[in-house]
Amino acid sequence: MRKGIVFVISGPSGAGKGTVAKGIVDTLDNIGFSISATNRAPRVGEVEGKSYYFVSNERFDEMIKNDEFLEYVDKYKNKYGTPKSSVYDLIDRGKDVILDVETIGAANIKKAMPDAVSIFILPPSLSILKQRLINRGTETPELVEIRFSQVCDEIACAHEYDYIVVNVDKEKCLRAVVSIIEAERRKGSRNEELPGLVLSGDTISD
Ligand code: 5GP
């Protein structure tokens, strides 16, 4: 059984990463969402153990001490981290995993797992991004400003990603990410055992 592939979706806050990640899990088979831990308060509609593991600041620090995170960051006045178990529980069972992380976390994951596929979701313009952040209504004006103040630095590293997808239209953006995942799954280097199976007389499915 091949190990699952790690897909890292990143980009600035408000770019639409969460919508893409959810769309991928709803659209494709054999891929799960990596649930992060955070010390921020849940928003209306967010579900413990599905949106995030919502933990206290003390518990978050304990998780750092126990080396439970693949990566973590202190950003936007909150802490966010990817528990190793959220990724390894899936890829060790041959399932692909999709992570929704900000840019520092994405760079750290790529360093730790060079095989991971990184995808940058780029907004069509700064003004559209700001409007999306405001319209989302999940942050106070002060927090919108804090998030927006980081956007230029975040976008400046987009060229380091394996792929850039511009999110003009949700559906088109999702389709582009689906096609990236489908292409990555078919890479020869990830399927080295397949020709041998056919040559040995097995029948394989697609
Ligand atoms: P939000 O508070 O809007 O849910 O998330 C804020 C930012 O944190 C988003 O850009 C999201 O991608 C990022 N984020 C969520 N979970 C993680 C994580 O585990 N690690 C890192 N580095 N960033 C995360």
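An axis here is a line fitted to C-alpha atoms, for helices over the stretch in contact, and angles run from 0 to 180 degrees between N-to-C directions. The model is predicted, so local features need pLDDT of at least 70, side-chain atom pairs count only at pLDDT 80 or more, and totals for chains, interfaces and linings use all residues. Residues are numbered from 1 along each chain as its sequence is written, and side-chain values use heavy atoms, with hydrogens and water left out.

Start with two helices. Helices (H or I, at least four residues) and strands (E, at least two) are DSSP runs, numbered from the N terminus. α1 and α8 pack at an angle of about 60°, with axes 10 Å apart. That makes α1 oblique to α8, because angles under 35 degrees count as roughly parallel, over 145 as roughly antiparallel, 65 to 115 as roughly perpendicular and the rest as oblique.

Now turn to the pockets. A pocket is an open set of points on a 1 Å grid over the protein atoms alone, where a 1.4 Å probe fits, with protein on both sides within 12 Å along at least five of seven lines; lining residues have an atom within 4 Å of a point. The largest pocket is lined by 41 residues. K17, G18, T19, Y52 and D100 lie nearest its centre. α1 gives the most to this lining, with seven residues.

The second largest pocket has a lining of 15 residues. Nearest its centre lie R2, R185, N191, S205 and D206. Two elements give two or more residues to this lining: α8 (170–185) and α9 (194–199).
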